[in-house]
Amino acid sequence: MTCVNRRDLGLLVLRVGTGAVLAAHGTQKLFGWFGGGGIEGTTAGMEAMGFHPPKHSAVAAGLGEVAGGALLALGLATPAAGAAAAGTMAGAVAVHAPAGFFAQGGGYEYPAFLGFTAAAIGLTGPGRYSLDHVTWHVFNQPWVVALAFAGSAAATAAVIGKRARGQGRSADET
């Protein structure tokens with residue numbers, strides 16, 4: 001008889017909960033599910049927020065949330081999933097930062113929490129109750145952690161930097 005490991009069970013609950021929230025939020029962006037705007041509404045929103053090209057940004061944000069969330073929930077390619085979701089949430093934090101911290105004022109509290117949680121899961125690993133464990137951690141190696149988080153950080157910095165430069169030009173024109 002095997003003993004249930006509380007740490008692995010806790011990681012399972014955290015992974016599935018966080019992944020489901022991220023995936024559901026992403027389906028709003030991509031498909032318009034759960035009252036979302038779909039790709040057209042998300043594209044318009046991305047343009048209004050200063051992301052260019054807006055449709056590519058909408059697709060990238062939606063995929064980062066859906067794929068990152070689904071993979072986190074499954075515990076598959078956990079470092080890449082955590083890095084992708086964290087990078088996507090960093091972009092959302094940049095949008096919400098001018099409104100302050102707390103979500104009720106439009107702040108970045110919620111995307112920051114999701115991003116930190118996804119990053120922590122990606123760094124910690126999925127635990128025993130995961131597809132990574134079943135596949136002998138083929139996609140959960142130290143080099144994958146380093147590559148995924150470095151790539152996500154570089155891509156996030158580029159996207160946020162491009163948005164900031166565009167907003168700076170817009171402010172100069174007014």
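These are my notebook entries on a predicted model of one chain.

**Ground rules**

I worked with a predicted model, where local features need pLDDT of at least 70, side-chain atom pairs count only at pLDDT 80 or more, and totals for chains, interfaces and linings use all residues. I numbered residues from 1 along each chain as its sequence is written, and side-chain values use heavy atoms, with hydrogens and water left out.

**Entry 1: the whole chain**

I started with the secondary structure and found 7 helices and 0 strands. Helices here are DSSP runs of H or I with at least four residues, strands are runs of E with at least two, and both are numbered from the N terminus. Read along the sequence, the pattern is α-α-α-α-α-α-α.

Next I looked up the dimensions. The C-alpha trace spans about 70 × 35 × 25 Å along its principal axes. For 174 residues a compact globule would have a radius of gyration near 16 Å, and the chain has 17 Å, which agrees. That radius is taken over C-alpha atoms, and the globule rule is 2.2 Å times the number of residues to the power 0.38.

Of the 174 residues, 37% count as buried. I use buried for under 20% relative accessible area, exposed for over 50%, and partly exposed for in between (1.4 Å probe, protein chains only).

Contacts came last in this entry, meaning heavy atoms within 4.5 Å. Among contacts between residues at least 6 apart in sequence, 65% join residues at least 24 apart.

**Entry 2: helix H1**

How far apart are the end C-alpha atoms of H1? I found 36 Å for the 26 residues of H1 (residues 6-31), which agrees with the 38 Å they should span at 1.5 Å a residue. The expected span is 1.5 Å times one less than the number of residues.

At the N-terminal end I found a cap: a side-chain oxygen of Asn-5 lies 2.8 Å from the backbone nitrogen of Arg-7. A polar contact is a pair of N or O atoms within 3.5 Å; within protein, one must be able to donate a hydrogen and the other to accept it, and residues adjacent in sequence count only if both atoms are side-chain atoms. Just after H1, Gly-32 takes a positive phi of about 75 degrees.

The buried residues of H1 include Asp-8, Leu-11, Arg-15 and Leu-30. Together, the buried residues of H1 pack against H2 (38-48), H3 (54-74), H4 (78-96) and H5 (109-124). I picked out Thr-27, which is in H1 and is buried at 8% relative accessible area. Leaving aside neighbours within four places in sequence, Thr-27 is in contact with Gly-32, Trp-33, Phe-34 and Val-66.

**Entry 3: aromatic rings**

I paired rings of Phe, Tyr and Trp (its six-membered ring) if their centres lie within 6.5 Å; planes under 30 degrees apart count as stacked, over 60 as edge-to-face and the rest as tilted. The count comes to 4 aromatic pairs. Phe-31 and Trp-33 have ring centres 4.9 Å apart and planes at 35 degrees, so this pair is tilted. Phe-31 is partly exposed at 49%, and Trp-33 is partly exposed at 47%. The rings of Phe-101 and Tyr-108 are edge-to-face, because their planes stand at 85 degrees, with centres 5.3 Å apart. I also saw that ring pairs link Phe-31, Trp-33 and Phe-34 into a cluster.

The 19 residues of H4 should span 27 Å, and the end C-alpha atoms are 26 Å apart, which agrees. Among the buried residues of H4 are Ala-83, Gly-87, Thr-88 and Gly-91.

What does Ser-152 touch, leaving aside its neighbours within four places in sequence? I found Ala-83, Ala-84 and Gly-87. Ser-152 lies in H7 (residues 142-173) and is buried at 15%. The backbone oxygen of Ser-152 lies 2.7 Å from a polar side-chain atom of Thr-156.

Thr-156 is also found in H7 and is buried at 14%. With neighbours within four places left aside, Thr-156 is in contact with Gly-87, Ala-90 and Gly-91. Thr-156 and Thr-88 are 68 residues apart in sequence and 7.4 Å apart in space, C-alpha to C-alpha.
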